[in-house]
Amino acid sequence: MRCMAVALSLPEDHFEEFINPSFWVCRAIGYPPLTPEAMEANPGGVGCGAHSDYGCWTFLLTDETRGALKVEGKDGAWVDADPVEGCYVVNVGDMLMQWTNGLFKSTVHQVVHLGSNYRVSVPVFFEPSWDARITPLETCVAKTGGKPLYEGVTYGEYLLGKVATNFYADKK
Ligand SMILES: O=C(O)CCC(=O)C(=O)O
Ligand SMILES: [Fe+2]
């Protein structure tokens, strides 16, 4: 976040009050091989539906499985984001997109694991503080047409909204 502040010509500690303490999360996710019954219920084999991450940055470490994590390109086509030894996949999250008024984009991605192995991934989500108010930065608004594209949001409320629509949408 300090590097980002410098890159945006802001004081190095600009984000400190919004990220301290961070509402970070680390998950270990298992994708078992799909049984014929699971394939029938979920023909595309989608293990994690298309979404963008919610917060600031995601650092994702995966096993060696190829062809599972897919990122949506500018043309809408899915591109494989295969593991590179010794590297993390780094995603920009929605809060960075809102802060930068769209200058940094939160990329849409999904997981389709059709292999016979048990795939494991471990993302670390670095998030703002629960009650941080995120509004487009003036410097970014100036660089992106002069109008704020987002009205501002409190991170905790945004997260609860995303969880409600992503996990419980059909249970209302
Ligand atoms: O399992 C993966 O490679 C990605 C998981 C993911 O996108 C997420 O948990 O937000
Ligand atoms: Fe994700």
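Entry 1: I started at Asp94, which counts as buried at 5% relative accessibility. For the terms, buried means under 20% relative accessible area, exposed over 50%, and partly exposed in between, with a 1.4 Å probe and protein chains only. I kept in mind that this is a predicted model, where local features need pLDDT of at least 70, side-chain atom pairs count only at pLDDT 80 or more, and totals for chains, interfaces and linings use all residues. Residues are numbered from 1 along each chain as its sequence is written, chains are lettered from A and ligands numbered from 1 in the order in which they are written, and side-chain values use heavy atoms, with hydrogens and water left out.

**Entry 2: its partner.** I looked up what Asp94 meets, and found a salt bridge with Lys162 (3.3 Å, N to O). Asp94 sits in helix α4 (residues 94-99) and Lys162 in helix α6 (residues 155-168), so I noted a link between distant parts of the chain, 68 residues apart. Lys162 is buried too, at 18% relative accessible area. A salt bridge here is a side-chain nitrogen of Lys or Arg within 4 Å of a carboxyl oxygen of Asp or Glu; helices (H or I, at least four residues) and strands (E, at least two) are DSSP runs, numbered from the N terminus.

**Entry 3: other salt bridges.** I counted 5 salt bridges in the structure. One of them joins Glu16 and Arg2 at 3.7 Å, N to O. Glu16 belongs to helix α2 (residues 16-19) and Arg2 to helix α1 (residues 2-7), so this pair ties together parts 14 residues apart in sequence. Glu16 is partly exposed at 28%, and Arg2 is partly exposed at 42%. Another bridge pairs Arg66 with Asp82 (3.5 Å, N to O). Here Arg66 is exposed, with 59% relative accessible area, while Asp82 is partly exposed at 23%.

**Entry 4: the iron.** Which protein atoms hold the iron ion (ligand 2)? I found His51 (NE2), Asp53 (OD) and His109 (NE2), lying 2.1 to 2.2 Å from the iron ion. Donors are N, O and S atoms within 2.8 Å of the metal (3.2 Å for Na, K and Ca); water is not among the atoms, so sites may look incomplete. Along the chain the spacing reads H-x1-D-x55-H. Asp53 is buried at 5% and His109 is buried at 7%.

**Entry 5: the record.** I checked UniProt, whose unreviewed entry places "domain: Fe2OG dioxygenase" at residues 22-128. Over residues 22-128 I read 11% helix and 37% strand, with the end C-alpha atoms 5 Å apart.

Terms used
UniProt positions are given in the numbering used here, feature names are shortened, and annotations may be inferred rather than shown by experiment.
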